[in-house]
Amino acid sequence: MEERLILMEDIQKVIEYAERSGKRMYNAASGHYLAYYKPASVTYWVEYTPQDDGAFLVHKAYSHRMEIEKGSAI
């Protein structure tokens with residue numbers, strides 16, 4: 001995460017947003033959740049698993065700055 005310039009605070013915001021809003025995807029095969037949050041020009045993605053003690057285990061985290069316009073043809 002350090003080499004990708006993703007801070008622990010960024011990951012916490014993604015998970016807090018996902019848990020509060022319910023906007024997350026569940027992968028039944030892995031048991032992991034995948035969520036994203038875009039507070040500004042960067043979108044942060046986190047794959048995580050809630051733990052029994054209320055903590056979260058982060059499996060992957062990445063970010064991107066790509067913008068996709070609705071209705072764009074590829």
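**From one residue to the whole fold**

Student: Which residues is T43 in contact with, leaving aside its neighbours within four places in sequence?

Tutor: T43 is in contact with Y36, Y37, K38, Y62, S63 and H64, when neighbours within four places in sequence are left aside. Contact means that heavy atoms lie within 4.5 Å. This is a predicted model, in which local features need pLDDT of at least 70 and side-chain atom pairs count only at pLDDT 80 or more, while totals for chains, interfaces and linings use all residues. Residues are numbered from 1 along each chain as its sequence is written, and side-chain values use heavy atoms, with hydrogens and water left out.

Student: Where does T43 lie, and is T43 buried or exposed?

Tutor: T43 lies in strand 3, residues 43–50. T43 counts as buried because its relative accessibility is 7%. Buried means under 20% relative accessible area, exposed means over 50%, and partly exposed is in between, with a 1.4 Å probe and protein chains only.

Student: Stepping back, how many helices and strands does the protein have?

Tutor: The secondary structure comes to 1 helix and 4 strands, and from the N terminus on the elements run α-β-β-β-β. Helices (H or I, at least four residues) and strands (E, at least two) are DSSP runs, numbered from the N terminus.

Student: In what order do the strands form the sheet?

Tutor: The 4 strands form an open sheet in the order 1-2-3-4, with antiparallel pairing. Strand 1 (25–27) and strand 4 (56–64) are the edge strands, each pairing on one side only. Two strands pair if DSSP finds at least two bridges between them. On average, neighbouring strands of this sheet are turned by 20 degrees against each other, direction ignored.

Student: And where does the helix pack?

Tutor: Helix 1 (residues 8–21) packs on the sheet and touches strand 2 (32–37), strand 3 and strand 4. The direction of helix 1 makes about 70 degrees with that of strand 3. Axes here are lines fitted to C-alpha atoms, for helices over the stretch in contact, and angles run from 0 to 180 degrees between N-to-C directions.

Student: How many bridges join strand 1 and strand 2?

Tutor: Strand 1 and strand 2 pair in the antiparallel sense over 3 bridges, and Y26 stands opposite Y33 in strand 2. The two strands form a hairpin with 4 residues between them, and G31 in the turn has a positive phi of about 80 degrees.

Student: What about strand 2 and strand 3?

Tutor: Their antiparallel pairing covers 5 bridges, with Y37 opposite Y44 in strand 3. A hairpin of 5 residues joins strand 2 to strand 3. Strand 3 and strand 4 pair antiparallel over 8 bridges, and W45 stands opposite Y62 in strand 4.

Student: How many aromatic pairs does the structure hold?

Tutor: The structure holds 6 aromatic pairs. Rings of Phe, Tyr and Trp (its six-membered ring) pair if their centres lie within 6.5 Å; planes under 30 degrees apart count as stacked, over 60 as edge-to-face and the rest as tilted. The rings of W45 and Y62 have centres 6.2 Å apart and planes at 10 degrees, so this pair is stacked. Because W45 lies in strand 3 and Y62 in strand 4, the pair ties together parts that are 17 residues apart in sequence.

Student: Is Y62 buried or partly exposed?

Tutor: Y62 is partly exposed, with a relative accessible area of 33%, whereas W45 is buried at 17%. Elsewhere, Y26, Y33, Y48 and F56 form one aromatic cluster.

Student: Changing topic, which residues make up the largest nonpolar core?

Tutor: Its 12 residues are I6, I11, V14, I15, A18, Y33, A35, V42, Y44, V46, Y48 and A61. Helix 1, strand 2 and strand 3 each supply at least two residues, and the largest share, 4 residues, comes from helix 1. A nonpolar core is a set of buried Ala, Val, Leu, Ile, Met, Phe, Trp, Tyr and Cys residues joined through side-chain atoms within 4.5 Å.

Student: Last one: what joins the side chains of H32 and E47?

Tutor: A polar contact of 2.5 Å joins them. Such a contact is a pair of N or O atoms within 3.5 Å; within protein, one must be able to donate a hydrogen and the other to accept it, and residues adjacent in sequence count only if both atoms are side-chain atoms. H32 is in strand 2 and is buried, with a relative accessible area of 17%.
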